Amino acid sequence: MAVPPSTYPRRLLPFFLGLFQAALLLFFALFVTYDEPSAQEKDTSLVANQVYSTFPFFQDIQVMLVVGLGLLLTFLPRYGFSSLTHNFLLLNFSMQWALVLQGLLHHFHHGQIHLDLHKLLISEFAAVTVLISVGAILGRASPCQLLVMATCEIPIYLASEWVIVTCLGVLDVGGTITIHIFSCYFGLGVSKALFRATQQPLHPKETPTSSSDLMSLVGTLILWVFWPSFVAVLCQPGDAQHRAILNTLLAMSASAITTVVASSLLQRDGKLSPGHLQNGSLAGGVAIGVVADMAMPPVAALALGSLSAVMCILGFRFLTPLLGRKLTLHDQCGIHNLHGLPGILGATASIV
């Protein structure tokens, strides 16, 4: 019996994923193995300490990406289930794809790739870029289009990270430049390529409701709580990691309060905008990442958090409509305001 034409696009998703997973199984069977356990008790205890010190941060980041970011994207009332499932799917797909590429480029020795928790963490950081970029085209692209986007973005991200960190020697422990700025403008570029013809009017299904805003705000709170782990996990244990946690907490606390002030002043009725609170309170975490482990006074972290929140709110209020009118640039989640502008601010602060 012939399959109706309308079902063919839906068959592409399981075909693409099945082919990818089968190829990955073959690759892992041939080339991937675990590190051999050390025969010396001293080395074994050292490895155990490294795992126990990293895994709590890793779990925090998992909660951020799977639950926090997934719920943050549910502000579209008719797209909540798709937002959660697509976010979960893209995280797993991008992480595995990044694991393969990073293993071939950096960890392929004597015909084998030795897998450990740190390599898995680095691959998850690469997957974050895809999850952020998708925010620009949320609800306007099919799952297959999102997977093709992830397939293209991961190798480009790895190349840009190598240039920024290895060639230019930029210190960016929290991924402000390598993750947030890159993913923002990559996502905006994809949005411009897909929807460059004309400015599309706001669809009624794109208007948030009180229940969808509430779910999105829960995601914001989860991200806010666990964000210091995201920034500090790659820092050197000890003073640098301690400073990163403290600076991130101060910056995000300042951005949360500043968001309430700026949003209330910009709204005509003086009420707090849910969209502003969902994004502005996280802006401090984006901006502080590049300087979080540096020796700077606490007031600098507070100032950076406040400035990033102001830039984020002003971006939502003035810059996003302007870019929509002048450049017909569609940014569904406002990733330019949350990741682009605060990221540029943080990069400028690192230069200073």
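Trainee: What is the relative accessible area of Val-66?

Mentor: This is a predicted model, in which local features need pLDDT of at least 70, side-chain atom pairs count only at pLDDT 80 or more, and totals for chains, interfaces and linings use all residues. Residues are numbered from 1 along each chain as its sequence is written, and side-chain values use heavy atoms, with hydrogens and water left out. Buried means under 20% relative accessible area, exposed over 50%, and partly exposed in between, with a 1.4 Å probe and protein chains only. Val-66 is partly exposed, because its relative accessible area is 28%.

Trainee: Which residues is Val-66 in contact with, leaving aside neighbours within four places in sequence?

Mentor: Val-66 sits in helix 2 (residues 41-72). Its C-alpha is 9.4 Å from that of Thr-85, which is 19 residues away in sequence. Counting a contact as heavy atoms within 4.5 Å, and leaving aside neighbours within four places, Val-66 is in contact with Asn-87, Phe-88 and Leu-91.

Trainee: In what order do the elements of the protein run from the N terminus on?

Mentor: Elements here are DSSP runs numbered from the N terminus: helices (H or I, at least four residues) and strands (E, at least two). The protein has 11 helices and 3 strands. Their order is α-β-α-α-β-β-α-α-α-α-α-α-α-α.

Trainee: What is the radius of gyration of the protein?

Mentor: The radius is taken over C-alpha atoms, and the globule rule is 2.2 Å times the number of residues to the power 0.38. For 352 residues that rule gives 20 Å, and the protein comes close to it, so it is as compact as a globular protein of that length. The radius of gyration is 21 Å.

Trainee: Why does the pair of Phe-20 and Phe-93 count as tilted?

Mentor: Rings of Phe, Tyr and Trp (its six-membered ring) pair if their centres lie within 6.5 Å; planes under 30 degrees apart count as stacked, over 60 as edge-to-face and the rest as tilted. By this rule the protein has 10 aromatic pairs. Phe-20 and Phe-93 have ring centres 4.5 Å apart, and the pair is tilted because the planes stand at 50°.

Trainee: How many residues apart are Phe-20 and Phe-93?

Mentor: The pair links distant parts of the chain, with Phe-20 in helix 1 (residues 8-31) and Phe-93 in helix 3 (residues 80-106). Phe-20 counts as buried at 15% relative accessibility, and Phe-93 is buried at 4%.

Trainee: What is the angle between the planes of Phe-125 and Phe-230?

Mentor: These two rings form an aromatic pair with 4.8 Å centre to centre. The pair is stacked, the planes of Phe-125 and Phe-230 being at 0°.

Trainee: Which helix holds Phe-230?

Mentor: Phe-125 is buried, with a relative accessible area of 4%, and Phe-230 is buried with 3%. The pair links distant parts of the chain, 105 residues apart. Phe-125 lies in helix 4 (residues 117-133), while Phe-230, in residues 210-232, belongs to helix 7.

Trainee: Which residues does Ala-287 touch, not counting those up to four places away in sequence?

Mentor: Ala-287 is placed in helix 9 (residues 274-288) and counts as buried, because its relative accessibility is 0%. The C-alpha atoms of Ala-287 and Gly-343 are 5.1 Å apart, across 56 residues in sequence. Not counting residues up to four places away, Ala-287 touches Thr-176, Leu-304, Ser-308, Pro-342 and Gly-346.

Trainee: What value is phi of Thr-328 near?

Mentor: Thr-328 is in the loop between helix 10 (298-327) and helix 11 (335-351). Thr-328 is buried, with a relative accessible area of 19%. Its phi is positive in a residue other than glycine, near 45°.
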